[in-house]
Amino acid sequence: MNIMSDAAVEARLSTQEEERDIKMRARGVSVFYGQKQALFGVDLEIPRHAVMALIGPSGCGKSTFMRCLNRMNDTIDSCRIVGDVTLDAEDIYDPAIDVVELRARVGMVFQKPNPFPKSIYENVAYGPRIHGLVRNRQETDEVVERSLTRAGLFKEVKDRLHEPGTGLSGGQQQRLCIARAIAVSPEVILMDEPCSALDPIATATVEELIHELRENFTIVIVTHSMQQAARVSQRTAMFHLGNLVEEADTDKIFTNPEDPLTQDYITGRFG
Ligand SMILES: Nc1ncnc2c1ncn2[C@@H]1O[C@H](COP(=O)(O)OP(=O)(O)OP(=O)(O)O)[C@@H](O)[C@H]1O
């Protein structure tokens with residue numbers, strides 16, 4: 001008979017509880033580009049249905065870390081990663097993992113809006129089609145409308161769905177890229193400086209959208225803007241020279257950071 005002590009039962013329950021709140025977890029993640037080490041043993045937990053901001057001076061490893069979360073670093077020949085990364089407690093570097101499927105579960109939006117040279121409709125419909133998520137035209141129409149609506153773009157484009165995506169404004173193109181990412185129902189969306197090519201009005205619209213998306217998705221955003229990190233995120237992780245300096249509630253990072261490096265960075269003393 002296997003009788004667990006009350007303490008053991010409680011410990012297991014609290015671990016399960018914790019797992020429910022943690023979408024992704026990195027343990028001891030180091031990254032090398034050839035001989036050069038870019039990340040040093042990073043341990044970080046990404047909370048579910050929240051926005052986590054990655055901040056730190058240029059070259060500190062924010063994008064490198066983010067690319068570990070959907071194995072985008074696999075596409076760089078010289079890049080080697082050690083350590084563990086899990087998605088819902090599942091090892092994403094397990095050889096049995098289908099990387100194409102992983103990147104559908106952990107989608108990405110890039111710095112520069114990069115719509116395909118196709119219509120607005122086709123930009124959004126492409127992913128669901130290749131992943132077999134839609135069976136016919138009606139289902140495709142539905143997924144396109146739903147994704148564009150969630151990205152806050154449908155009203156603006158509903159009469160020109162068959163015009164090229166590249167004909168939209170920069171802010172609209174970025175929302176189209178977000179709609180494209182959402183269309184395959186990802187669990188996590190990685191955003192690498194998604195507003196850096198946008199004007200302040202388009203930035204505000206995208207920030208508002210990020211805020212809304214967190215209800216349904218887990219979001220990780222790299223940003224150089226302290227104001228943006230403070231506005232959109234609930235947790236913030238500060239990197240410096242390939243190390244994770246500290247990670248905490250965003251309010252705490254911006255009002256009462258533990259580490260002097262964070263204090264210096266957020267007050268503009270370097271970076
Ligand atoms: N493909 C690559 N090949 C070689 N070195 C790279 C590559 N990508 C990044 N690095 C190096 O790894 C380190 C971390 O770069 P990374 O782009 O992750 O930093 P970052 O914090 O995102 O910087 P930024 O804010 O300027 O975008 C830097 O020293 C960079 O030069």
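Two strands count as paired if DSSP finds at least two bridges between them. Strands are DSSP runs of E with at least two residues, helices are runs of H or I with at least four, and both are numbered from the N terminus. Welcome to a predicted model, in which local features need pLDDT of at least 70, side-chain atom pairs count only at pLDDT 80 or more, and totals for chains, interfaces and linings use all residues. Residues are numbered from 1 along each chain as its sequence is written.

- Four strands form an open sheet in the order 2-1-4-5, and their pairing is antiparallel.
- Leucine 87 has glutamate 90, in strand 5, as its bridge partner.

**A hairpin to look for**
- Strand 9 (residues 235-240) pairs with strand 10 (residues 243-249) in the antiparallel sense, over 6 bridges.
- Opposite arginine 235 you will find aspartate 249 of strand 10.
- The hairpin has 2 residues between its strands, and leucine 241 takes a positive phi near 45 degrees there.

**Around the ligand**
- Residues surrounding the ligand include Tyr33, Ala38, Lys62 and Ser78; a residue is near a molecule if its C-beta atom, placed from the backbone, lies within 6 Å of it.
- Helix 2 (residues 62-68) gives the most to this shell, with 3 residues.
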